[in-house]
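The following paragraphs guide the reader through selected features of the structure shown here.

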Amino acid sequence: MPERDPEAIRAAAKDRLPRIVREEFGEAFLQIEQKREGRREFFALGDSNNTPLTIRVDAGPLPDNELVRVYGNTSSDNHVILLSDQLDIRDVDTVLLASLEELEDKREYAGLVEAESRAAAAGHSRGLGLRATSDIGRRRLLPERFHYAMPGTHPDGRRISRAELPTAVERAGAERDRVSRGTLEELRREAASLPAGEYPKRPVMVGGGAALAARDPDRLLVDGRGRWHVDPIQRIVQTADHMDHLRTTGMGDPYQFANRTERVPRPALQLWENEIAAQGPVIDGMTRLYFDDRNRLLAEIRPSADSDPVTIEVEGKPLIATGFQPELVPGVARGVPTVPDATDKISDHLSARSHPQTAEVTQALARLSAGEGSAQSALDTLESADVLSELRASDDKNVSDALTTLDATAHWDRTRELDPDRVLLGDEVGEGRFEAHATDHWLVVGMGGTGASVVEAILQENPNARVTILGGEPAFVLQNAVQLKELTERHGPDGDGRLTKIDGRLSSLDAATGPDGRLRVHVEAVDTKRDADNNIVHQERKTVEAGAVVACLGRVPKAPPVLNEVLGQAVSKDAVEGRLMFDDNGQYLGYNLSVDVGGDQREFEVTGAVSRLLPADVFSREDSARVVDVGVTTVPEEAANVPAGFMGTALQSVALEEHRAKGNDDGPTSDPSAGPTDPDPNDQLRAGPPEARHPAEPATGETPQRNPRGAGKAANRRLHGVEKYPAPDTPRREPRKTKNSPEVPKRKHLGIKGTLVPREKPQTPPDRPVEETEGHQNADPENTARTSSAIWETVKPSFESWARRRSHWGQYDDQHGYDRSPPVGSVMMPKMAPGPYEKLLHPDTVEAYARDLEQSGKGHQGPTK
């Protein structure tokens, strides 16, 4: 496998993209210009309707045989073409051309959504003609126990419609409840049969969410059914197009329940999670992990249903996927964000200076209970030991940060005591644990994803509520989503005026009970403007008052809370070691924690959203920066997703199990620089000697070309000096339709989106020669020129023929596999074999094709249904 050189691939793509756009997409894109805004380099384009759009090209780690992933954002029109960092640089032109075709197709389809939505509202929807695949995606590469069906079908195999979604969610939830009760009963029966002090043994996964995409049915799943099962907002942030690549995981098909530019309904996620959770043993509830006096790792499971807990012994490495870390309290020091962190820093400071009160203070601090009130208790302990004044006078930054956190947390706790319903953290709203009618004037502090969802929940639940949001410029990922835009249009100054935005950074937060007995929150903020060199050019203090406040200021960089007890049982702080997990392709899979307990080493694997923010007390800043860099490369902000989001977590989950399936059961590798051991996917996708596959580049630097849209004749174009297109009489792709065209565009079926799938070699018995496949018969392997287009299965195919194949087979599959008739007439039997699309076809379609083939031999060419 070649060495990864993302910089070279990225540079080649940036160099070649403008030429390909001008020569091959001159009608679709009328201009292209390279630009830079901050750290973001991209191409600004304008289409035939004078609509501006951007395309950014990048290179990064992708799964085996996935040479490119196209993130097409049909909401913001900011798009990313992510090339595999293992792509042979000689194939950049070929892959860019195919990616631009896909991107253009996606934009064309999105142009139909508005018209189709209006038709649906009038009761005359004929559908978009988009295929909702039932394929399980990359789970096909995993052991057979992972081959459960993609969620979203009735027991008889019919697809669940949008109107049926609420009933389907209820049915899936009931089935999950049934499996949970059965699992509990089984564990209790087994526990009753064991000697005293012995417990049932099980491999365990703690937490679910999108990490269930590759849920191992052999693991006991313990999950509290939080997040999307309790969030009050009706639709998630992302549209169906934003979630496109979720289908490759087999988690679910977002297009099944939403149009392309429509946000995916929250019940769809509930359906997907519940159906997959019930594929194996599951208990809905919470878990306490701890070591007993025999150093056994035990899990005390407290079911959500009001029943007694059950204890098991954990086999192997538990998999932890508990979602986001807890939120930061306003005013804490980022480097010492929690009360335990603060007391540890203070104890370390006293110990290093051999302070006479060290033992007494350390023991007293260690005895403090966690939760609200612990910060004030710590301050009282330090005051009673007569060391608080001394600590406040210290010039040790760790000490000053620790006291800042204790003071801020104690102040927050006191403020909450005044009225707990009006002083909240964002997760309390996100989990539905709030009273929207507690006041009609809310203040939300923080302009991130959590803050935007909190605003939506409040405005949705309380029609009389007014919300002021305090924060800086919205993150770029939010600018690429539709949620904030919808909120602003509906409730901003040009809407009903219920939403006000104030620029500024929180400076102080106070609250007091007014004469009417109601809480009033008083917040001061500082609005700072800087120039391009980060120099302050303007600063203004602002004051905001409201009846309630919700703080959404970021997350604590710590290990999952479920591990707090086991980490605290380590023989020392140094007895906890962390290791980043990457697969052979360089994809980030999570991290591994090793804990020394009485000389025994126990390991824990952490994946999903909680793995994206590394515990600062275990990993270095360089490790954290590396995880962030890989994350934003593989899940770019232009896609309106974050690496810790639903789609990013689902992709990570499948990648982790793929890595295990390759024989890495003892733990994924921590060093991708050691080099992968799998064959080069570029070699798998080509045949023939290098000199035949890649002739010398022509001096003119020509690019692979296609017929311009609407062109009347075929030109003789060449790729790497080899003829790219067949004879002029080869059927061409029809000219592109305008938005007002009465005909529905042909369906473009990409199968596993963005994946250029190699042709599988036929399995032939040893005593039988391999038969030549159609298109290769009578070919001279020594003299036949091979090109990069061998990726596309045949010797010298055209891009038009590939597009026509996926379109024709998609229509054929719709009619025979899913009983969806085409807009006009019927679908003829495809003349070309399905090739790599065969794996994606409905079984009924395969049978229909076999019958059609048999009939075609008797002179019949039409379909059988």
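The buried residues of H7 are covered by elements that include helix H5 (339-352), helix H6 (358-366), helix H8 (388-392) and helix H9 (397-418); contact here means heavy atoms within 4.5 Å. Helices (H or I, at least four residues) and strands (E, at least two) are DSSP runs, numbered from the N terminus. The model is a predicted one, in which local features need pLDDT of at least 70, side-chain atom pairs count only at pLDDT 80 or more, and totals for chains, interfaces and linings use all residues. Residues are numbered from 1 along each chain as its sequence is written, and side-chain values use heavy atoms, with hydrogens and water left out.

Helix H7 itself spans residues 374-384, and its buried residues are Ser374, Ala375, Ala378, Leu379, Thr381 and Leu382. Buried denotes under 20% relative accessible area, exposed over 50%, and partly exposed in between (1.4 Å probe, protein chains only). Viewed down the axis of H7, these buried residues fall within an arc of 160 degrees, so they line one face of the helix; the arc is that of the directions from the helix axis to the C-beta atoms. After H7 comes aspartate 386, which has a positive phi near 60 degrees.

Where else does phi take a positive value in a residue other than glycine? Arginine 227 has a phi near 45 degrees and lies in the loop between strand E8 (220-223) and strand E9 (235-239). At 38% relative accessibility, arginine 227 counts as partly exposed.

Alanine 640, also not a glycine, has a positive phi of about 60 degrees. Alanine 640 is located in the loop between helix H15 (621-634) and helix H16 (646-661), and with a relative accessible area of 2% this alanine is buried.
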